[in-house]
Amino acid sequence: MKSEENGKPEARKPATDLPAPVDATITLPEAMTGRASPAKAAVGDKPVFAYLASLPQPQRGIAEAVDALAAMTLPRLQRSVKWGMAYYGVGDGWCFSCGGFARHVKLMFINGTALKPVPPVTPVGMGKATRGVELESIDDIDEPRIVEWMKQVTSVPGVGGARRH
């Protein structure tokens, strides 16, 4: 914009109206197109528990059930928030992730193509070997199968390091 008086570009004033504070609840994306949520990357139980608590129902209940199943199944479980999702590992590297989306929770196994049987969902943008399941309700959690996949995936290389078992 040019000032009518001198023909020079008009200096922009800084915005004085700050945006309203962001609501504590998050709007979940429809599909995997980048980050699952605005959750900040951080290692440890506390950030993952905060991420899970930020999800709306029914996604919160589903993701918390997956987290509890991982804790029961895998001794020395490590947690992290990465790319807006909860990531889980044992030893070196991350083995699987769990994230809330508008109509479901994605449980994705890194190197899922090495699992028997191979999980049915191939996500977009998570690597060629990643496979998983989409859980729309608590009833969709097939505990015996998911426990078996969690155990199997800890014996193959994860993201960020090689497995030593």
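**Close-up 1. Aromatic cluster around Tyr88.** Tyr88, Phe96, Phe109 and Trp149 are joined into a cluster by ring pairs, where rings of Phe, Tyr and Trp (its six-membered ring) pair if their centres lie within 6.5 Å, and where planes under 30 degrees apart count as stacked, over 60 as edge-to-face and the rest as tilted. The model is predicted, so local features need pLDDT of at least 70 and side-chain atom pairs count only at pLDDT 80 or more, whereas totals for chains, interfaces and linings use all residues. Residues are numbered from 1 along each chain as its sequence is written, and side-chain values use heavy atoms, with hydrogens and water left out. Across the whole structure, a search finds four aromatic pairs. One of them is edge-to-face, formed by Trp83 and Tyr87 at 5.4 Å centre to centre with 65° between the planes. Another pair, Tyr88 with Phe96, is stacked, at 5.1 Å centre to centre and 15° between the planes. Both Tyr88 and Phe96 are buried (buried means under 20% relative accessible area, exposed over 50%, and partly exposed in between, with a 1.4 Å probe and protein chains only).

Close-up 2. Strand β2 (residues 77–82) and strand β3 (residues 85–90) pair in the antiparallel sense over six bridges; helices (H or I, at least four residues) and strands (E, at least two) are DSSP runs numbered from the N terminus, and two strands pair if DSSP finds at least two bridges between them. Within this pairing, Leu77 has Val90 of β3 as its bridge partner. The two strands form a hairpin with two residues between them, and Trp83 in the turn has a positive phi of about 50°. Trp83 counts as partly exposed, at 49% relative accessibility, while Tyr87 is buried with a relative accessible area of 7%. Lys82 lies over the face of Trp83, at 5.8 Å from the ring centre, given that a charge sits over a ring if NZ of Lys or CZ of Arg is within 6 Å of the ring centre and within 35 degrees of the ring normal. On β2, two antiparallel bridges also join strand β1 (residues 42–43), and Val43 is partnered there with Ser80.

**Close-up 3. Salt-bridge network at Arg79.** Asp45, Asp67 and Arg79 are linked in a network of salt bridges, a salt bridge being a side-chain nitrogen of Lys or Arg within 4 Å of a carboxyl oxygen of Asp or Glu. Asp45 forms a salt bridge with Arg79, with the closest N and O atoms 2.9 Å apart. Asp45 belongs to helix α1 (residues 45–54) and Arg79 to strand β2, so this pair ties together parts that are 34 residues apart in sequence. The side chains of Arg79 and Asp67 also meet in a salt bridge (2.9 Å, N to O). Arg79 is buried at a relative accessible area of 8% and Asp67 at 7%, whereas Asp45 counts as partly exposed at 35% relative accessibility.

**Close-up 4. Lys106 between Glu134 and Phe101.** The side chains of Lys106 and Glu134 meet in a salt bridge (2.4 Å, N to O). This pair links distant parts of the chain, with Lys106 in strand β5 (residues 105–109) and Glu134 in strand β6 (residues 131–135), 28 residues apart. The charged end of Lys106 also sits over the ring of Phe101, 5.6 Å from its centre. Lys106 counts as buried at 6% relative accessibility, and Glu134 as partly exposed at 35%.
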